[in-house]
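Trainee: I would like to learn how to read a sheet. Could you walk me through one?

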Amino acid sequence: MSKTLPPQANELELSLFGPGIGECVVVHLGHGDWMVVDSCRSFDGKRPVALEYLEGIGIDIKHQVKLIVATHWHDDHIRGLAQLVDHAEAARFVCSSALHCKEFLTLVLADRDVKLVAQTSGISEFADILHILSNRSTDKCAAGPNQWATEGSRLYVDSDRNVEVWALSPSSQTVTDSKAAIAGLLPSPRAPIRRFYQLRPNDLSVTIMVIASRTSLLLGADLERGRDQTRGWQAVVNSKINPTCLSQIYKVAHHGSADADLGEIWTKLVARQPHAVLTPYARGAKPLPSPEDVSRMKRRASSLFCTAWPPAKSPPRRDPAVERTMKEMGVTLRAVRKQPGHIRVRIPIAEDIPPDTSVELFGGARAL
Amino acid sequence: MSSTRTFQQTQETKATAGKMPIWGASVSEVGQLFESAEAVLTKPNLKSEWDGGPLVSLLDYPPEAPTEHVRKDIRENYSQLIRLTSPRGPQRLFEILQQWEGVVSEITEDSVWADLVDLTDRTRAEEVVELPLAEICPADRPILRPGSVFYWAIGREWTRSGQMRRISEIRIRRTPQWSQHAVDLLNAKATDLLERFNGDVENTAATGQ
C-alpha cells in the first residue's frame, strides 16, 4: 500500500516512527481525528516526523490533530514537539501530572537560560512548548497544558463512535515522589551550570490506552517496572481506576528493556499473542533492545517489529590520521541511525467486522 | 584543563605535511614564522642591503651567554648584524582534522560514554562513544558527571622547532556557577509560572488530579 494513502474513516491507525534514538507515535482515532504522542525529527533534522507524515497523507494539521501528548521530557521523546504544537492549533496538549510542580518549572526556566551544546535538551523543548501555549492562551490564568495526565484520566472521547483515550499512569504515588526526585536536579548556589540529565527510574511517563470499539492499543511510553505496587507498571496492572481492556497492539515500553517488562502487562493489559512494536535506543553502554530482550518479547508476541534495526552502524570513514588516532586510543564509536523507520498498523474499528490487522514497514523498520 | 595525547608521526603524515594548509598558510610559510632569519631574507628591501655574509640572530645564543661575549663574537665573525626581535606567531599550531562536542551520558569504572555531535560536519548523524577514562585528564575526572560537556579534537600539531605530531585533545568545559541571585530569580519565575497555570502545587501533588 502507498505510504501516502490515508486511512479509511473507520480505521484505527498506529504509526510508530523512530531512528536510532527517538520515538513518535501517530494515531488515527477514526473519522479524521488524530493524536500524536511524543516526537522525533525527520532525516534532515529540521521537521518533526509527525508533521511530515500527516502533511504527506493530506491531513489538515491545524484542525484535525486533536490531541498531543508528551509522555515525559527525555530528549529522545520530545525533539520537534514544540514545532508540532505550534502547527496543531486545535490540539489539546497533555503531559504528565508529575511535572505539575514548581520544581519542574524551575528546571524548565533554568535550562532555557543555559545554552551549552548544539543539541537541544528535552527540557528546553518543553520550555518552548510552554511558551507557545502561553502566547496562544487568552486566559492569563490558564496558560499551561490543557490536561495534566494521571492514572485513570480520560484524555479524549468520541461517544458517538465509541472511541476513548485513557492515561494509565503516572500513579498518585509517583506524582508525590516526583517533586523530590526533580528537586535533586535543581540548580543550587555555587554549583556549576550543567546540562540537566535524565531522571531514572522513569516512573512518571504517561502510558496510554486507546479503545475503539472492539479494538485497543496500548502505548507503553518509557514506563519502568516500579519498585513496588504503587509505582510504575506495577501500579498500572494493580490499578482500580484504569479501564480494563486487552489490547491487540502493544507499543513496548522503554525500547524493550528488561526493567520495563512485567509478566502481568502481557496477561492483564494485552491480548494473547499481540502484535508488538517498538523503537530502539542506541545511546549508552547497552543499546536497547538487547538480544535477550528481543528473545523475551518474541516469546510473548505473535510478531515483533522495530522501527530501526540495527539502531547503530559503523561511523563514517574519516581522515586516516583521525582513524589511526582513535584506534590507538582504544575508542569505541558508533553512528546512530539517523533515518526514522516507520511501522504502520491499521485495523477496522467497526463492531461487526472481526479485526483484520495490516502491518506495513517503511524505511529501516524490520520484523525481528 | 585538558587531556592531550600525542602520537608518533607516521610516514603518511610526513608525506602530506608540505601540502597541508594551516589557517590559510602553507607549511613552508609556517616554517618562516619560526626560522626568523630566513623570514627576514624574503623581504626585498632587506635583501638588497645584505652583502651576502652569514646571518645571525641573538637568539642563536643561549640565554645565559654573557652579553659582552656575544657582542665580541658577532663583531669578529660576522660581516653584518641583523637584529631580530623574538620570533612572532603562536607557540603552537594545531590543525584540527576532526572535532566533536560531547555530553557525558554514563560513567563506568574505566570508561566514559558520551553522545557526540560532529562539529566538523554537522550533517552527520549523532554518534555514541566509549572513551577510556585514562584519556581524561586526572584533574578533570572529579568534575566529570552525566551532563558534563566536553570538546574533543583530533589533529596535527606543529611545534616551534617544526616537529609535527598527531594530537587528541579532550577539554572538559568548565562552566560558571549558579549565583544565589540567579537561583532566587528562577524560583520566583517558577512560582509565577505555576500560578499562571492556575494550579495549586501542594494539592495537585497530593491528589494526582
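Trainee: Which strands form the open sheet, and in what order?

Mentor: Strands of a sheet pair through backbone hydrogen bonds, either parallel or antiparallel. In chain A, 8 strands form an open sheet, ordered E7-E8-E9-E10-E11-E12-E13-E18, with mixed pairing. Strands here are DSSP runs of E with at least two residues, helices are runs of H or I with at least four, and both are numbered from the N terminus. Two strands pair if DSSP finds at least two bridges between them. The edges are E7 (153-158) and E18 (366-367) of chain A, each pairing on one side only.

This is a predicted model, where local features need pLDDT of at least 70, side-chain atom pairs count only at pLDDT 80 or more, and totals for chains, interfaces and linings use all residues. Residues are numbered from 1 along each chain as its sequence is written, while chains are lettered from A and ligands numbered from 1 in the order in which they are written.

Trainee: How many bridges join E12 to E13 in chain A, and do they run parallel or antiparallel?

Mentor: There are 4 bridges between E12 (residues 270-278) and E13 (residues 303-306) of chain A, and these strands run parallel. Leu278(A) stands opposite Cys306(A) of E13(A). On the E18(A) side, E13(A) pairs in the antiparallel sense over 2 bridges, with Cys306(A) opposite Arg366(A).

Trainee: And where is an antiparallel pair with 5 bridges?

Mentor: Look at E9 (residues 208-212) and E10 (residues 215-219) of chain A. There, Ala212(A) has Thr215(A) of E10(A) as its bridge partner.
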